[in-house]
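Please keep the model in view while reading.

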Amino acid sequence: MRPSERAADQTREVTLETGVNRYAEGSCLVSFGHTKVLVTATVEESVPGWMRNKGAGWVTAEYGMLPRATHTRGRREAAQGKQSGRTQEIQRLIGRSLRAVVDMKALGERQISLDCDVIQADGGTRTAAITGAWVALRIAVNYLIEEGVLKTDPILGQVAAVSCGVFKDTPVLDLDYEEDSSAEADSNFVLTDTGDIVEVQATGEKRGFTRAEFDQLFALAEKGIGELFVKQREAVSAAK
């Protein structure tokens with residue numbers, strides 16, 4: 001039995017609330033159970049120096065946790081003068097995931113930055129951030145199209161992510177912190193709506209895991225992400 005009493009193939013309650021920031025071109029407050037991440041999309045009419053004069057744009061992400069996102073207060077990384085390795089790894093993952101479904105040429109020489117701020121953490125913050133970031137990105141691009149800035153839609157499809165793990169010898173979907181902290185193995189899957197794999201992160205924590213267990217985790221991820229794609233589309237439609 002899972003601590004949350006969910007079925008093995010059941011996600012936490014997922015909500016994607018849009019229009020939560022009046023200034024950003026796109027915004028989404030994503031909740032996976034008690035995990036909450038605020039994502040804002042900012043459009044800039046410029047690109048990084050190494051991208052200039054190439055006729056293409058860029059999509060990037062930043063990630064951070066607010067001081068009381070967890071049970072105890074953590075220091076802001078800005079106060080420490082540098083980002084942790086974990087933070088850098090997660091924001092690179094978010095950026096890679098979004099770029100996998102964007103035509104940079106069609107975006108033109110402009111950058112869209114996705115700021116992902118964890119308000120409350122209970123496991124799966126990176127997967128929640130990716131899922132919510134696509135919604136914020138989609139809304140920002142819709143704005144550019146409506147304003148006549150873009151003639152061609154640069155977004156090629158959807159991307160979302162979910163965690164899976166082996167908990168008490170059972171493969172389960174969407175781990176919360178209690179499960180994640182004691183799982184025998186955990187993984188993060190990033191998939192597109194066409195079935196392409198963008199990234200898989202899988203680690204044996206207390207033991208190795210078998211190919212059969214991995215196949216079960218992958219099947220759970222496909223089911224969960226399929227449900228997230230539906231919620232993403234609903235959120236974008238509600239934002240119109």
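How many helices and strands does the protein chain have? The chain has 6 helices and 9 strands, where helices (H or I, at least four residues) and strands (E, at least two) are DSSP runs numbered from the N terminus. The radius of gyration is 18 Å, close to the 18 Å given by the globule rule for 240 residues, so the chain is as compact as a globular protein of that length; the radius is taken over C-alpha atoms, and the rule is 2.2 Å times the number of residues to the power 0.38.

The model is predicted: local features need pLDDT of at least 70, side-chain atom pairs count only at pLDDT 80 or more, and totals for chains, interfaces and linings use all residues. Residues are numbered from 1 along each chain as its sequence is written, and side-chain values use heavy atoms, with hydrogens and water left out.

Of the 240 residues, 49% count as buried, that is, under 20% relative accessible area, with exposed meaning over 50% and partly exposed in between (1.4 Å probe, protein chains only). Among contacts (heavy atoms within 4.5 Å) between residues at least 6 apart in sequence, 70% join residues at least 24 apart.

The largest pocket holds about 510 Å³ of space. A pocket here is an open set of points on a 1 Å grid over the protein atoms alone, where a 1.4 Å probe fits, with protein on both sides within 12 Å along at least five of seven lines; lining residues have an atom within 4 Å of a point. A volume is the space filled by probe spheres set on the points, which are joined across faces, edges and corners. Its lining comprises 22 residues, with Gly64, Met65, Leu66, Arg76 and Glu77 nearest the centre. Strand 4 (58-65) is among the elements that supply at least two lining residues, and its 4 residues form the largest share.

The second largest pocket has about 400 Å³ of space. Arg86, Gly123, Gly124, Thr125 and Asp180 are the closest to its centre among 20 lining residues. Helix 4 (125-146), helix 5 (177-180), strand 8 (185-192) and strand 9 (197-204) each contribute at least two residues to this lining.

Most residues other than glycine have a negative phi. Glutamate 5, however, has a positive phi of about 65°; this residue lies before strand 1 (14-18) and is exposed, with a relative accessible area of 63%. Aspartate 174 also has a positive phi, near 60°. This aspartate sits in the loop between strand 7 (170-173) and helix 5 and is buried, with a relative accessible area of 0%.
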